[in-house]
Amino acid sequence: MSDPSLALQVALIEALESVVSVPVWDAVPQDSDYPYIVMDSTNVTNTDYLSARQDLRFVYVSVWSRKYGQAEVLEIMGQIDQLNNIQLPLTTGEMSSLRVERKRTVREPDNLTFMGQVTLRIFTLH
């Protein structure tokens with residue numbers, strides 16, 4: 001079976017768009033307004049060396065806001081929590097679990113922008 005990376009990204013963007021109230025981007029357009037979510041990066045490790053391939057994936061997502069304070073970022077990150085334990089249909093491979101692993105907020109140096117960082121832990125089989 002082929003690598004499910006692209007199929008997972010497509011399904012994950014669709015799932016995020018269904019639970020959050022802001023645009024979700026893989027690459028942010030230059031003229032995009034705040035707030036929005038960006039798919040930042042993915043780290044994949046093979047966790048099963050004996051049988052069908054199982055991968056542990058950490059998908060890193062950022063939430064960006066210019067609203068005063070952290071409230072908007074925290075609200076959007078709370079919406080992302082709805083993805084815990086859902087099954088995403090993949091066109092390649094299978095997803096066995098999805099968890100929101102970690103969340104963090106950061107004030108950017110411009111003192112206007114807040115970034116929320118969300119780490120999703122996902123197991124896939126292929």
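Reader: Which elements each supply at least two residues of the lining of the largest pocket?
Author: This is a predicted model. In it, the largest pocket has a volume of about 150 Å³. Its lining includes Leu-8 and Asp-40, with Val-59 also among the residues. The elements that each supply at least two lining residues are α1 (5-19), β2 (36-46) and β3 (54-65).

Reader: How many residues of each class are in the lining of the largest pocket?
Author: Among the lining residues are Leu-12, Met-39 and Tyr-60, along with Ser-41, Thr-42, Asp-26 and Arg-57. By class, the count is five nonpolar, four polar and three charged.

Reader: Which face of α2 is buried, and what does it pack against?
Author: Helix α2 covers residues 71-80, and its buried residues are Glu-72, Val-73, Ile-76, Met-77, Gln-79 and Ile-80. Seen down the helix axis, these fall within an arc of 155°, so they line one face. Ala-71 and Glu-75, on the other side of α2, are exposed. The buried residues pack against α1, β2, β3, β4 (94-107) and β5.

Reader: Is Val-118 buried or exposed?
Author: Val-118 is in strand β5, residues 114-125. Leaving out residues up to four places away in sequence, Val-118 touches Val-59, Tyr-60, Val-61, Met-77, Ile-80, Val-100, Arg-102 and Lys-103. The cut-off for buried is under 20% relative accessible area. Val-118 has 2%, so it is buried.

Reader: How far apart in space are Arg-107 and Ser-65?
Author: In sequence, Arg-107 and Ser-65 are 42 residues apart. In space, C-alpha to C-alpha, the distance between Arg-107 and Ser-65 is 9.9 Å.

Reader: And how far apart in space are Val-118 and Ser-96?
Author: Along the sequence, Val-118 and Ser-96 are 22 residues apart. From C-alpha to C-alpha, the distance between Val-118 and Ser-96 is 20 Å.

Reader: Which peptide bond is cis, with omega near -5°?
Author: Most peptide bonds are trans. Look at Pro-35, in the loop between β1 (24-25) and β2. The cis bond runs from Tyr-34 to Pro-35.

Reader: What is the phi of Asn-85?
Author: Most residues other than glycine have a negative phi. Asn-85 lies in the loop between α2 and β4. Asn-85 is exposed, with a relative accessible area of 56%. Its phi is positive, about 65°.

Reader: Where is Asn-111, and what is its phi?
Author: Asn-111 sits in the loop between β4 and β5. At 53% relative accessibility, Asn-111 counts as exposed. Asn-111 is not a glycine, yet its phi is positive, near 65°.

Reader: What is the radius of gyration of the chain?
Author: The C-alpha trace spans about 50 × 25 × 25 Å along its principal axes. Of the 126 residues, 42% count as buried. A compact globule with 126 residues would have a radius of gyration near 14 Å. The chain agrees with this, at 15 Å.

Notes:
Residues are numbered from 1 along each chain as its sequence is written. This is a predicted model: local features need pLDDT of at least 70, side-chain atom pairs count only at pLDDT 80 or more; totals for chains, interfaces and linings use all residues. Side-chain values use heavy atoms; hydrogens and water are left out. On a 1 Å grid over the protein atoms alone, a cavity is a set of points where a 1.4 Å probe fits but cannot get out, and a pocket is an open set with protein on both sides within 12 Å along at least five of seven lines; lining residues have an atom within 4 Å of a point. Grid points are joined across faces, edges and corners, and a volume is the space filled by probe spheres set on the points. Helices (H or I, at least four residues) and strands (E, at least two) are DSSP runs, numbered from the N terminus. Ala, Val, Leu, Ile, Met, Phe, Trp, Tyr, Cys and Pro count as nonpolar, Asp, Glu, Lys and Arg as charged, and the others, Gly among them, as polar. Buried means under 20% relative accessible area, exposed over 50%, partly exposed in between (1.4 Å probe, protein chains only). Contact means heavy atoms within 4.5 Å. The arc is that of the directions from the helix axis to the C-beta atoms. The radius of gyration is taken over C-alpha atoms; the globule rule is 2.2 Å times the number of residues to the power 0.38.
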